[in-house]
Amino acid sequence: MTLLITIIVLALVFDYINGFHDAANAIATVVATKVLTPVQAVVWAAFFNFLAYWVFGLGVANTVAKTADASQINLTVILAGVIAAIVWNLITWWQGIPSSSSHTLIGGFAGAAIAHAIAIHGFSDYTIIEDGVEHTKHWYDIVSWYKAGKDGGMPSGVVIIIAFIVLAPLLGVLASYFLSIWLLNASRKKIGPKLFTVALMIATIWFVNGELVSFADIEKPRFESHFWSVVFESHNIKWFLVAFIILSISAFALVFSSLNLHKSEAVLKKMQLLSSAAFSLGHGGNDSQKVMGIIAAAVAVYIKTSGVDIVTLPDWLQVVLPDDDKGIKGTMPEWIPLACYTAIAVGTLSGGWKIVKTMGSKITKVTSFEGVAAETAGALTLYFTEHFKVPVSTTHTITGSIIGVGLTKRVSAVRWGVTVSLLWAWVLTIPVSALLAAICYYILNIFL
């Protein structure tokens with residue numbers, strides 16, 4: 001039990017570090033454009049980090065929890081992974097490198113699990129009994145590398161997470177580039193951009209309406225009223241936010257051409273508050289869930305290795321991981337998401353100014369117009385990837401979005417030397433974290 005408590009505390013410490021390490025993701029552009037002072041910006045971002053508790057589900061948490069086979073690892077594996085993630089996050093923060101806290105955690109968890117498999121089985125095959133059936137496993141099977149999606153849905157596993165090292169920033173680039181080009185055309189007095197904007201508004205309303213959960217499908221309605229239960233269902237709130245973001249940008253696009261430079265700049269600065277809030281929500285919802293997944297995995301491993309019955313555990317440890325194959329929906333005590341969202345919000349309040357400088361000015365010069373486009377693109381990318389339960393990097397996403405708005409000016413507007421250095425940090429994060437975790441595991445194994 002002591003080891004489990006230690007892991008939970010360290011996981012929340014990691015979440016706190018994630019907050020100040022990744023605070024720059026949400027506040028760099030509003031600070032760079034002087035829409036908010038640094039202090040105002042971190043308070044703004046922290047508030048919306050915490051507000052994410054009522055918006056997002058636990059899909060990403062489940063994906064992270066199943067990075068390694070919980071039935072084949074012990075608590076030392078998880079402890080080593082969390083320690084390695086904390087160490088790498090602190091190193092990159094100290095150097096001002098906006099690396100991915102998400103991939104640090106995934107790499108640490110996977111690296112420690114592989115080290116455990118090699119320590120127990122070497123490089124030989126081994127057999128396990130699962131539901132009364134004997135299975136032959138390879139040492140590397142301890143990590144969930146790839147799992148096909150159910151009913152043609154989104155696949156999961158470490159390979160998919162690695163793929164999004166490229167895909168997340170690419171999505172950010174494409175989304176911010178499209179938004180920038182759309183708004184630039186909307187600033188001209190032509191009918192074409194306005195017709196496109198109206199069509200986009202109609203398509204958004206149609207799409208979001210199709211994604212909403214009806215009252216009959218809500219398992220635990222929050223209110224007696226059907227209307228308010230639908231409105232405040234967490235799944236629906238996310239899609240209402242998507243609609244609000246797109247419709248707000250669309251409304252601005254319709255009147256953009258009638259505004260003079262001073263008025264358009266004033267409106268864009270107000271819109272930047274909304275776009276940074278939307279991105280902070282995505283950051284809180286995406287990154288806090290990863291720590292929830294680690295805590296859930298730790299509890300599951302503790303139950304297995306200690307041999308205790310889950311019903312004998314105190315209520316605050318009644319964690320059940322969902323399993324779609326077995327029809328298990330899973331449960332998580334309220335204190336876990338609440339603690340994770342609180343830790344990341346408090347971390348965000350602590351700042352992270354070295355990385356703010358890199359994100360806000362070193363990649364490309366950012367104006368209010370470009371800040372709105374980058375943050376909006378980043379927020380939408382995070383919302384959609386969270387919908388598909390993919391734990392993407394908020395750092396990669398916003399960096400790609402900032403590059404995208406830079407490309408609308410000219411290719412040379414992006415400082416590619418800085419960008420290449422960031423790419424190297426991204427590529428190295430998972431393997432370096434995995435190696436650190438393996439070393440931590442072997443050291444901890446001597447004493448535990």
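This is a predicted model: local features need pLDDT of at least 70, side-chain atom pairs count only at pLDDT 80 or more; totals for chains, interfaces and linings use all residues.
Tutor: Residues are numbered from 1 along each chain as its sequence is written, and side-chain values use heavy atoms, with hydrogens and water left out.

Student: What makes up the secondary structure of the protein chain?

Tutor: The protein chain has 16 helices and two strands. Helices (H or I, at least four residues) and strands (E, at least two) are DSSP runs, numbered from the N terminus.

Student: Where does UniProt place the feature "transmembrane region"?

Tutor: The unreviewed UniProt entry places that feature at several stretches, including residues 158-183 and 236-261. UniProt positions are given in the numbering used here, feature names are shortened, and annotations may be inferred rather than shown by experiment. In the model, residues 158-183 are 100% helix and 0% strand, with the end C-alpha atoms 37 Å apart. Residues 236-261 are 81% helix and 0% strand.

Student: What is the span of helix H11 from its first C-alpha to its last, and what is expected?

Tutor: The expected span is 1.5 Å times one less than the number of residues. Helix H11 (residues 261-306) has 46 residues and reaches 67 Å, close to the expected 68 Å. After H11 comes Gly307, whose phi is positive, near 80 degrees.

Student: What reaches the backbone nitrogen of His262 at the start of H11?

Tutor: A side-chain oxygen of Asn260 comes to within 3.2 Å of that nitrogen. A polar contact is a pair of N or O atoms within 3.5 Å; within protein, one must be able to donate a hydrogen and the other to accept it, and residues adjacent in sequence count only if both atoms are side-chain atoms. Ser264, also found in H11, has a side chain that reaches the backbone oxygen of Leu261 at 2.9 Å.

Student: Why is Ser264 called buried?

Tutor: Buried means under 20% relative accessible area, exposed over 50%, and partly exposed in between (1.4 Å probe, protein chains only). Ser264 has a relative accessible area of 7%, so it is buried. Leaving aside neighbours within four places in sequence, Ser264 is in contact (heavy atoms within 4.5 Å) with Phe252, Phe256 and Leu259.

Student: What makes the pair of Trp182 and Phe196 edge-to-face?

Tutor: Rings of Phe, Tyr and Trp (its six-membered ring) pair if their centres lie within 6.5 Å; planes under 30 degrees apart count as stacked, over 60 as edge-to-face and the rest as tilted. By this rule there are 16 aromatic pairs. Trp182 and Phe196 are 6.2 Å apart centre to centre, with 75 degrees between the planes, and the pair is therefore edge-to-face. This pair links Trp182 in helix H7 (residues 158-186) with Phe196 in helix H8 (residues 191-211). Trp182 is buried at a relative accessible area of 6%, whereas Phe196, at 37%, is partly exposed.

Student: Why is the pair of Phe252 and Phe256 called tilted?

Tutor: Their centres are 4.5 Å apart and their planes 35 degrees apart, so the pair falls into the tilted class. Both Phe252 and Phe256 are buried.

Student: How do you know whether Ala45 is buried or exposed?

Tutor: Ala45 lies in helix H3 (residues 38-51). Its relative accessibility is 2%, so Ala45 counts as buried. The C-alpha atoms of Ala45 and His283 are separated by 9.3 Å, although these residues are 238 residues apart along the chain.
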